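Visitor: I have not looked at this one before. Can you walk me through it, a piece at a time?

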Amino acid sequence: MTASGVTGRRRAAHPLARLLVRRLGAMVLLLLGISLVTFVLTSLVPGDPARAALGPVQGEDEAAVAAWNSRNGLDKPIPVRYLVYLSNLLRGDLGVSQQTGTPVLDDLIAYIPATAELAIISVLLASLIGVGLGVAAALRRDTLLDQVLRVVSLGGVSVPVFWLGLIVLYLGFFVFDLFPGGGRIDPLAIPPAEITHLYTLDALFAGDLAATGAALHHLALPAAVLAAYNIGYIARFTRTAVLEVINHDYVRAAHAKGLPARTVVRRYVLRAALPSMIQILGFAFAGVLTGAVLIEAIFSWPGIGGYAYRAAVSLDLPAITGVTMFVAVVYISVNFVIDVLYGVIDPRIRAG
Amino acid sequence: MLTVAGLTVAVPTPNGPANVVRGVDLEVRAGEVFGVAGESGSGKTMTFLALLGLLPAGSRVTGEAVFDGRDLLALSPAERRRVRGRDIAMVFQDPMTSLHPMLTVGAQLTDHVRAHLAMGRREAREHAAALLADVRIPDPHGALRSYPHQFSGGMRQRIAIAVALACRPKLIIADEPTTALDVTVQAGLLRLLDELRLQQGLTIVLITHDLGVMSALAQRVSVFHEGRIVETGTRQQVLCEPRHPYTAGLLAALPPA
């Protein structure tokens, strides 16, 4: 008993590092697999990128199509194209977007921060409110408060975001004129010097509080609309996670120790519910980061969602694969962070 | 030291309230091991959870329970919280689930000490290490940094006992403390409990359906059946010359020695 206790403690020094390395290795392999699948699928998809790029008149000219294909490497067999793509990818070269004419990597760097800023603010907002409501509902299970919160969160999840976005924009901008009608910052204002490419932070670093305020003012409506869905989603999952934990023996034991109820909830209940809540928050973040197309369109937000949409309708293969890789990287990174946090929170996973 | 009179408990169930305790009177004397026997569902655990205010929300309790001159059932929830863990501590049945898997032994052994006795962090840690030594956990300082899963069931129950002892309570309610353990570990744990009682002048309420455990430790015994006490007496009286047919039935259910 003692011996195993002691060795278990000694081994506990590495496991987190070992978990990290193991997950990182899995991440690389996963990315390789995803790059292969997305490349092959986008190459096999029906439609002719050459004709889409050249337009209806030039697209009828066989010589122009052939020239376009050879210039873009599309005349080679798919396996060769994949290897070329992969070696370019490793050098950070995602190809040149056919619709913007700039390297896809530069496009991503231009568009991702706008969406990231939106995602961070809205998920932060949704987490604070959603977790609070979920915990309150679980602690007052089957009371009036619980019922009201259930309806509210069901409403948040059920209302389509594009409808809510339009209504909020109509009221906030058109009717009451309290908020700007879209964009990240006033069209005539000069964006702050770019350090993080997140306007709120960059303006803050520059000491320009007015610009920080303006950036937040622009963020408010789209972030709130995106948060509305996630509040419902996070609140429901938090309630379930807390209820799963709250009847455990160790919670009753903590009450039997005479700890204040607040301490029992914070240290014993929430701690145990944390792993499932982290998973929900992680996926909420990934979802907003990669799926805010409709909200970005409604609020003229220059984000990755709109870029992906334009790439898809114009059959811009390098941009499509670039965005797909971005989505894959987001989900894999979120999973990685969640896995590592599990290890940090739960000593049993660290050891296993 | 503890006198319970006319205690009734109704707990909410999906089919309406269930009367799980229907008029219990008992007296626990200072310094003794008071045994509480009876099958599962006979109300023995509910009786003591009711005294500590640990019943599920919506339960109804009537009667009185005077502990050290105060009626526990008349205390406000905040006052009763200060009695819990400090004057009356509890040891639960299953040490695999009664310790939090994600908090270190040290954290679980010091948080209520710091809340009840206003001890500083360092003082509480030294106190906790001494408690672990009292319950014979080897390398107490190392154990404080460990997590429950790094210990065996018997060791975890010793840690749970240390948690119960931490604020120097007068009364310990041990609810089936050995039921979840291997038979080989049971004897050691019971001996430890009895030694601690003598050293520290504790009073112990031992709730168990195991009459073997009961006869090893308890001085007086009450037998519960369907929410009432059917028989109370010294260990010899109850276990050797039962007067109530239910007790006789319980004894007859023991496998032959």
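Visitor: What follows helix 5 of chain A?
Guide: G92(A) follows helix 5 of chain A, with a positive phi near 85 degrees. Keep in mind that this is a predicted model.

Visitor: And how far does helix 5 of chain A reach?
Guide: Helix 5 of chain A covers residues 78–90, which is 13 residues. From its first C-alpha to its last it reaches 18 Å, close to the 18 Å expected at 1.5 Å a residue.

Visitor: What about helix 8 of chain A, how many residues has it?
Guide: Helix 8 of chain A has 15 residues, 161–175. The helix reaches 20 Å end to end by C-alpha, close to the 21 Å expected. Just after helix 8 of chain A comes D177(A), with a positive phi of about 55 degrees.

Visitor: Which residues in helix 8 of chain A are buried?
Guide: G165(A), V168(A) and L169(A) are buried there.

Visitor: What covers them?
Guide: The cover includes helix 10 (209–246) and helix 13 (293–298) of chain A.

Visitor: Different spot. Where is G287(A)?
Guide: G287(A) is in helix 12 of chain A, residues 261–290.

Visitor: Why is G287(A) called partly exposed?
Guide: G287(A) has 19 other C-beta atoms within 10 Å, and a residue needs 20 or more to be buried. As for distances, G287(A) and V330(A) are 43 residues apart in sequence, with their C-alpha atoms 9.3 Å apart in space.

Visitor: On to chain B. How many helices and strands?
Guide: Chain B has ten helices and ten strands. Its C-alpha trace spans about 55 × 45 × 35 Å along the principal axes.

Visitor: What is its radius of gyration, and what would a compact globule have?
Guide: Chain B has a radius of gyration of 18 Å, which agrees with the value near 18 Å for a compact globule of 257 residues. Buried residues are 47% of the 257 in chain B. Of the contacts in chain B with a separation of 6 or more, 66% are between residues 24 or more positions apart.

Visitor: How do the strands of chain B pair up?
Guide: One open sheet has six strands in the order 6-7-8-3-9-10, with mixed pairing. Strand 6 (88–91) and strand 10 (228–234) of chain B are at its edges; each has a single partner strand, so one side of each is left without a neighbour in the sheet. Neighbouring strands in this sheet are turned by 20 degrees against each other on average, ignoring direction.

Visitor: What does strand 6 of chain B pair with?
Guide: Strand 6 of chain B runs parallel to strand 7 of chain B, joined by four bridges. In that pairing V91(B) stands opposite A174(B). I88(B) and M90(B) point one way from strand 6 of chain B, A89(B) and V91(B) point the other way, and all are buried.

Visitor: And at the other edge?
Guide: Strand 10 of chain B pairs antiparallel with strand 9 (220–225) of chain B over six bridges. F224(B) stands opposite I229(B) in strand 10 of chain B.

Visitor: Which strands does helix 1 of chain B lie across?
Guide: Helix 1 of chain B, residues 44–52, lies across strands 3, 6, 7, 8 and 9 of chain B. The angle to strand 8 of chain B is about 140 degrees.

Visitor: Where is S42(B), and is it buried or exposed?
Guide: S42(B) sits in the loop between strand 3 and helix 1 of chain B. S42(B) counts as buried because 23 C-beta neighbours lie inside 10 Å. Apart from neighbours within four places in sequence, S42(B) is in contact with F224(B), H225(B) and E226(B).

Visitor: You said one sheet. What other sheet is there in chain B?
Guide: There is an open sheet of four strands in the order 2-1-4-5, with antiparallel pairing. Strand 2 (16–28) and strand 5 (70–71) of chain B stand at the edges with a single partner strand each, so one side of each has no neighbour in the sheet. Two bridges join strand 4 (60–67) of chain B to strand 5 of chain B, and F67(B) stands opposite R70(B).

Visitor: Last one. How many residues of chain B are in contact with chain A?
Guide: 32 residues of chain B are in contact with 25 residues of chain A. Helix 3 of chain B gives the most to that side of chain B, with four residues. The residues on that side divide into 14 nonpolar, eleven polar and seven charged.

Methods:
Residues are numbered from 1 along each chain as its sequence is written. Chains are lettered from A and ligands numbered from 1 in the order in which they are written. This is a predicted model: local features need pLDDT of at least 70, side-chain atom pairs count only at pLDDT 80 or more; totals for chains, interfaces and linings use all residues. The radius of gyration is taken over C-alpha atoms; the globule rule is 2.2 Å times the number of residues to the power 0.38. A residue is buried if 20 or more other C-beta atoms lie within 10 Å of its own, exposed if 12 or fewer, and partly exposed in between; C-beta atoms are placed from the backbone. Two residues are in contact if their C-beta atoms, placed from the backbone, lie within 7 Å. Ala, Val, Leu, Ile, Met, Phe, Trp, Tyr, Cys and Pro count as nonpolar, Asp, Glu, Lys and Arg as charged, and the others, Gly among them, as polar. The expected span of a helix is 1.5 Å times one less than its number of residues. Two strands pair if DSSP finds at least two bridges between them. Axes are lines fitted to C-alpha atoms, for helices over the stretch in contact, and angles run from 0 to 180 degrees between N-to-C directions.
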